[in-house]
Amino acid sequence: MSQVMSRLSHRMRWPLRVIGGAGARGDADSETGSAALHADSQTASVALTPASYRTFSKKIAPGLTAMGGALAVMGGLGTWIRVERLEDEYVGPERVATFMGYAQPAGVIIAALGAVGLVVALLWLSPRLLPKVIPVAAALAAVALIVSRLVALVDQSEGIAAEARQSSDLQFVSFHASLGWGAWTLVVAAVLLALGVGAGVLRELDRRRGFPE
């Protein structure tokens, strides 16, 4: 009888041990899962820290401002409008008029502002805020003047072509008034100057917020 009871008790304890082992494995799996979730949360928090973002290089703003200033000097003094007419289909077009930027007060002013921007571009590297206002002011003034002059040049070239078509004194097959290389150079100069100001201002804001380079 005692042997039978011992065997029964042995059989009853065996499943309990198995169940206990499964519970232990379940606890271990839950601990492993919680540890993995904790590691993932730490990784996500590290990925979102300010140290993972780097601001613009300190060379971008002065480089763009210097290139834009140099192009503003060239475009301000270069060819703004060229007028060509074609009198015969078998002869090439003839240039009848050219409007140069250096002959206009606005062209001289744009070139002067471009030269100022070229010279003061290195002030972007100053650790203080006040010197950086100078290249910002020069670049924005040049961009504003360039945009206003480009709009006026487009209207002027269209007016020249319309006047030529209405004139009875001019005999031609085709008449064309278009922007010259100086005007297109001013377009590129305005874009570079605007990008330089944008990069410099954003970098200054990032530095004040503590973002590294």
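This is a dialogue on reading the features of a predicted model.

Reader: Let's start with the overall layout. How many helices and strands does the protein chain have, and what pattern do they follow?

Author: There are five helices and three strands in this predicted chain. Going along the sequence, the pattern reads α-α-β-β-α-α-β-α.

Reader: And what share of the 213 residues is buried?

Author: Buried residues account for 30% of them. The accessible surface of the chain is about 13,500 Å², and carbon and sulfur atoms hold 65% of that. As for contacts between residues at least 6 apart in sequence, 74% join residues at least 24 apart.

Reader: On to the inside, then. Which residues have the most contacts in the largest nonpolar core?

Author: The general idea is that in soluble globular proteins nonpolar side chains tend to be buried together. Here, the largest nonpolar core has 17 residues, and those with the most contacts inside it are Trp 80, Ile 110, Ile 146, Leu 150, Leu 153 and Leu 186. Helix α4 gives the largest share, five residues.

Reader: Can we zoom in on one of these? What does Ile 146 touch, beyond residues up to four places away in sequence?

Author: Ile 146 touches Ala 72, Ile 110, Leu 186, Ala 189 and Ala 190. There is also a second, separate core of eight residues, including Ala 61, Trp 124, Ala 139 and Val 143.

Reader: Trp 124 makes me curious about its polar partner. Which side chain makes a polar contact with the side chain of Trp 124?

Author: That is Thr 65, at 3.1 Å. Thr 65 sits in helix α2 (residues 60–77).

Reader: Is Thr 65 buried or exposed?

Author: Thr 65 counts as buried, because its relative accessibility is 0%. Setting aside neighbours within four places in sequence, Thr 65 is in contact with Gly 117, Ala 121, Trp 124, Leu 193 and Gly 196.

Reader: What about Ala 115: where is it found, and what is it in contact with?

Author: Ala 115 is in helix α3. With a relative accessible area of 31%, Ala 115 is partly exposed. Apart from neighbours within four places in sequence, Ala 115 is in contact with Gly 69 and Val 73.

Reader: Now charges. How many salt bridges does the structure hold?

Author: As a general idea, side chains of opposite charge can pair when their charged atoms come close. This structure holds three salt bridges. In one of them, the side chains of Lys 132 and Glu 204 meet at 2.5 Å, N to O. That pair links distant parts of the chain, 72 residues apart: Lys 132 is in the loop between α3 and α4, and Glu 204 is in helix α5.

Reader: Are Lys 132 and Glu 204 buried or exposed?

Author: Both are buried. Lys 132 counts as buried because its relative accessibility is 5%, and Glu 204 has a relative accessible area of 10%. Not counting residues up to four places away in sequence, Lys 132 touches Leu 123, Trp 124, Ser 126, Glu 204 and Arg 207.

Reader: Where do the other bridges of Glu 204 go?

Author: Glu 204 forms a salt bridge with Arg 207, the closest N and O atoms being 3.3 Å apart. Those two residues both lie in helix α5, three residues apart, about one turn of the helix. Arg 208 also forms a salt bridge with Glu 204, with closest N and O atoms 3.5 Å apart. Arg 208 and Glu 204 are four residues apart in helix α5, again about one turn. Arg 207 is partly exposed at 35%, while Arg 208, at 57% relative accessibility, counts as exposed. Through shared partners, salt bridges join Lys 132, Glu 204, Arg 207 and Arg 208 into one network.

Reader: Last one: which residues make the nonpolar surface patch?

Author: Phe 56, Ile 60, Val 201, Leu 202 and Leu 205 make a patch of about 390 Å². Helix α5 gives the most to the patch, with three residues. Val 201 is found in helix α5, and at 39% relative accessibility Val 201 counts as partly exposed.

Key
Residues are numbered from 1 along each chain as its sequence is written. This is a predicted model: local features need pLDDT of at least 70, side-chain atom pairs count only at pLDDT 80 or more; totals for chains, interfaces and linings use all residues. Side-chain values use heavy atoms; hydrogens and water are left out. Patches are made of residues with over 30% relative accessible area and no salt bridge: like charges are joined within 9 Å, nonpolar side chains (Val, Leu, Ile, Met, Phe, Trp, Tyr) within 5 Å. Accessible areas come from the Shrake-Rupley method with a 1.4 Å probe; for residues, only the protein chains shown count as cover. A salt bridge is a side-chain nitrogen of Lys or Arg within 4 Å of a carboxyl oxygen of Asp or Glu. Buried means under 20% relative accessible area, exposed over 50%, partly exposed in between (1.4 Å probe, protein chains only). Contact means heavy atoms within 4.5 Å. A nonpolar core is a set of buried Ala, Val, Leu, Ile, Met, Phe, Trp, Tyr and Cys residues joined through side-chain atoms within 4.5 Å. A polar contact is a pair of N or O atoms within 3.5 Å; within protein, one must be able to donate a hydrogen and the other to accept it, and residues adjacent in sequence count only if both atoms are side-chain atoms.
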